[in-house]
Amino acid sequence: LTGRTDIWEAVLKASSERPMLGYGYNAFWGEGSLPASWVRNSTQWDVPSAHHGWLDLLLELGWVGALACGAVLAIAGVLHLFRITREGRTEGWWSLAYLGTFLLLSLSESVVMTAQNLPWVLCLAILARAFTSRRNQSATF
């Protein structure tokens with residue numbers, strides 16, 4: 001985590017400028033972004049991201065988006081807990097284990113809502129599965 005705490009401190013200062021809605025999806029770390037250049041000058045290196053998924057989410061979507069994303073992940077976790085007893089122990093435990101791993105990974109890497117990123121794609125698949133049930137699926141082969 002060398003240097004990341006400096007990035008996180010600078011990112012928190014930048015996010016306090018637009019706390020509710022953030023700077024916009026993928027808008028903060030752009031080439032000509034003034035807030036990103038302030039973070040880069042503050043840390044003395046060309047920082048490509050916050051190296052923390054939730055802080056990047058806070059920069060992009062503000063508290064509204066970060067809380068909404070957190071709520072969706074929490075609801076998916078609860079739904080998978082119910083799935084363990086009803087529809088499939090293996091699927092439910094694997095999904096919960098991956099969500100836990102994803103949450104831990106997101107504390108040191110910017111993987112939340114990152115395009116073309118395998119951890120985020122797998123998380124989306126687990127979220128999609130959490131909000132569907134076998135009763136809603138019809139086998140039409």
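What follows is a short exchange about the salt bridges of this predicted model and the residues around them.

Residues are numbered from 1 along each chain as its sequence is written, and side-chain values use heavy atoms, with hydrogens and water left out. Because the model is predicted, local features need pLDDT of at least 70 and side-chain atom pairs count only at pLDDT 80 or more, while totals for chains, interfaces and linings use all residues.

Colleague: How many salt bridges does the structure hold?
Modeller: Side chains of opposite charge can pair when their charged atoms come close. A salt bridge is counted here when a side-chain nitrogen of Lys or Arg is within 4 Å of a carboxyl oxygen of Asp or Glu. By that rule, the number of salt bridges in the structure is 3.

Colleague: What separates Lys 13 and Glu 9 in helix α1?
Modeller: The side chains of Lys 13 and Glu 9 meet in a salt bridge at 3.9 Å, N to O. Lys 13, at 45% relative accessibility, is partly exposed, and Glu 9, at 47%, is partly exposed. Because these two residues are 4 residues apart in helix α1, what separates them is about one helical turn.

Colleague: Where does Arg 40 stand, buried or exposed?
Modeller: Its side chain meets that of Asp 46 in a salt bridge of 3.1 Å, N to O. Asp 46 is exposed, with a relative accessible area of 59%. Arg 40, in contrast, has a relative accessible area of 16% and is therefore buried.

Colleague: Which residues does Thr 43 touch, not counting residues up to four places away in sequence?
Modeller: Thr 43 has its place in helix α2 (residues 34-43) and, at 13% relative accessibility, counts as buried. A polar atom of its side chain lies 3.4 Å from the backbone oxygen of Arg 40. With contact meaning heavy atoms within 4.5 Å, and leaving out residues up to four places away in sequence, Thr 43 touches Asp 6, Ile 7 and Ala 10.

Terms used
Buried means under 20% relative accessible area, exposed over 50%, partly exposed in between (1.4 Å probe, protein chains only). A polar contact is a pair of N or O atoms within 3.5 Å; within protein, one must be able to donate a hydrogen and the other to accept it, and residues adjacent in sequence count only if both atoms are side-chain atoms.
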